[in-house]
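Please read them with the structure open.

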Amino acid sequence: MLKRLEIAGFKSFARKTVLDFSSATTAIVGPNGSGKSNVAEAFRFALGEQSMKSMRGKRSEDLIFAGSHASARSNRAAVTIIFDNETRAGSRLFPKLEFDEVSIERAVFRDGSSEYLINGSKVRLRDVQELLATANIGETGHHIISQGEADRILLAHPRERRSMLEDALGLKAFEFRKQDAERKLEKTDANVREVESLRREIAPHIRFLKKQVERIERAESLIEELAVACQTYFAIEEKYLEVEQKETARMRGVSAEKLTFATKALIDFDERTTHDVEGMKFAQRIRDAEREVDRVTNERSTLGRELGRIEGALDAAKRRGRNVQQANDVRVTREDLQALQDLAQEHMSLDEHANPHALTAALRALRGAISAFFTKHVHAGEDLLQDEEQLVHSLTREQEIALAKDSELAERIDGARTALLKAREASMAHDETGREERHRVLKLAEEKAREEAALVRLDARLQELSYLHSSLERERGEVLALAGSRALSYEPLTALPQEPRQIQEDRKRILERLKIRVEEAGGGSDEVKKEYDDAVAREAFLTRELEDLAASSAGLRELIENLDDELTRTFNEGLVSVNSSFGEFFSLMFGGGGAKLVLEESVPALADEEDVFDMEEGDESSAPQKRVKPGIDISVHLPKKRVQSLLQLSGGERALTSIALIFAMSQVNPPPFLILDETDAALDEANSRRYGDMIESLAKKSQLIVISHNRETMSRAGILYGVTMGSDGVSKLLSIKFEEAAQVAK
């Protein structure tokens, strides 16, 4: 299975060196210090050994050819192992790789960096280890026994010895799987704790957001209620305002038409009245007749007063004449004085507002009476009497003229009154014909006043409707801000519902209360709801993740338990098989006696020890029960010798026991190859032959690379490589195939 080994720049192999392993047993020989053990260490290096001590170095730079006086140092050390991966008995050495040849390469550089490659592709060390574990090539090195480490398995700690045995039994693949499962379980438990911590952290925030969302949901419920109420209210109110606007505008148009008609009819009537010539003629006739009657009446009244004056003056003149007659008789009678006194009294009774002509006449009469009195009594004589007679005659003539004129004026008054009566009758006849029109005019005036009042009322109603429309638009804006466009999404009504206006007023009051409640609730917030939804979704995600982690943890625990069961079963079966082979090899090596591997008793382990069974966090009952796997002790019984401890064995006895145990482990689960680096150095000739026999037996199951000085061991090899080192400090390689050499020798 091991085809060849390529070494370049590793330790003393400065130049590229290739070792071909085409034989079941290959021996590597050479003087001390030639670098033959570097071949075994090259295997360790390529297979992922991390201990510098195991490769006889302190740091990675020690593995690179350091140079000499004749050769320059190398900057890179690389070792490549090539395996044959062709199908054998239906299986491959590395079943995960579909290549017929698998190369594993490791390179280290002077800057301390290193790299691993599988078939030329860079990989991790863990990838190399897992690949080798599938081929029963473990990391404990049980298949590489270096110089001076033959009895290492005997001197190792029991638990380290158990690890070597598990490696030899091919349990490392299970151990890797278990370690992966344990790491995953540990990581899963850490994730569970982290998720639970996150849930605990997010829970108060979710509760707070839930209260906020409940408040928002209440607000949204109120908003929904407000939106529904608004849809009904706005639909009815818009239709109501539309109907009222149209009806009021129609009524105003009708009233305006009526007012225009009445106004025009009244204007026409006024124009007809203003230009009524016939009526004006009748009125003028009445006014002329009335003026004529007044004039003639006034004239007759003046004449009557003048006639009264004349009559008064005539009576006074007659009395004076009689007085003068008596005065002529030189007698003043008591009657004369009385007459004079009466005349004075009569004149004094005249009103100051009386006719001036009457006053003048009265004064004149009084003066004449007084003059006559004095004349009678002072200048009595014939002249006075003659004057009085003339005066009486003159006054009588004036009286006759006045009476004639008064008769004429009376006739004129009668005629004027008759004319006035006729004018009035004619005017009344004219007025009778326009009375119906006047009644119509009165109705038109009333209608005009009524329609003017109606227009004022309807204009006020239109202004009120305009204000209501503005208020409605303002309310729509407020509701849009509170409830969104949903409140305004409604179908316009085709007709108003048959209901009292009071119901719509009640709707408005309900609407106002809802608006106040929505404002108090604070309205909705998409950011809070989104944050709450995100938090709930995250909490649900964490819950699902926790469930998944719990399921994963349970699956991992079950896998670990199954792996433990499988490891325990396989280990116990392998231990029995190893003990059987160990006893046989031991008896063969020592010519009797016996040896076996014994399990230690389980002991409690500290929390930081390896290979503990992980317990679930918080499981206080199981936490103290942590334990480790029991180690392995070796019990030997030498023939003819009683040994109580391995420390009592000699160096040769320890070497033989180690070889017997290594060969026993290799027989139970043979590795692809086994490297023995001078493990026969402490054997005598007889034991060397036994050792050689075991090598031949073991070579039937595993490919052997033997580094030795023992001739007996060399004789059992199919290929012999000789390693030598010249003065330049570089290891060189010589090879001999014994089959070809034998043929040449013949």
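1. Glu539 is partly exposed, at 23% relative accessible area; buried means under 20%, exposed over 50%, and partly exposed in between, with a 1.4 Å probe and protein chains only. Its side chain meets that of Arg199 in a salt bridge at 3.1 Å, N to O (a side-chain nitrogen of Lys or Arg within 4 Å of a carboxyl oxygen of Asp or Glu). Arg199 lies in helix H5 (residues 172-274) and Glu539 in helix H12 (residues 526-590), so the pair ties together parts that are 340 residues apart in sequence. Arg199 is partly exposed as well, at 29% relative accessibility.

2. On the source: this is a predicted model, in which local features need pLDDT of at least 70 and side-chain atom pairs count only at pLDDT 80 or more, while totals for chains, interfaces and linings use all residues. Residues are numbered from 1 along each chain as its sequence is written, and side-chain values use heavy atoms, without hydrogens and water.

3. The whole structure holds 50 salt bridges. In one of them, Lys36 pairs with Glu678, with the closest N and O atoms 3.6 Å apart. Lys36 sits in the loop between strand S3 (25-29) and H1, and Glu678 in the loop between strand S11 (673-677) and helix H14 (685-699), so this pair ties together parts 642 residues apart in sequence. Lys36 is buried at 3%, and Glu678 is buried at 9%. Helices (H or I, at least four residues) and strands (E, at least two) are DSSP runs, numbered from the N terminus.

4. Within helix H2 (residues 125-134), Arg126 and Glu130 are four residues apart, about one turn of the helix. Their side chains form a salt bridge at 3.2 Å, N to O. Arg126 is buried at 18%, whereas Glu130 is partly exposed at 22%.

5. Six strands make an open antiparallel sheet in the order S2-S1-S4-S5-S6-S7; two strands pair if DSSP finds at least two bridges between them. S2 and strand S7 (121-123) are at the edges with a single partner strand each, so one side of each has no neighbour in the sheet. Strands S5 (residues 101-109) and S6 (residues 114-118) are joined by five bridges, and Arg106 has Tyr116 in S6 as its bridge partner.

6. Lys11 has a positive phi near 50 degrees, though it is not glycine. Most residues other than glycine have a negative phi. Lys11 belongs to the loop between strand S1 (2-8) and strand S2 (17-20) and is buried at 12%.
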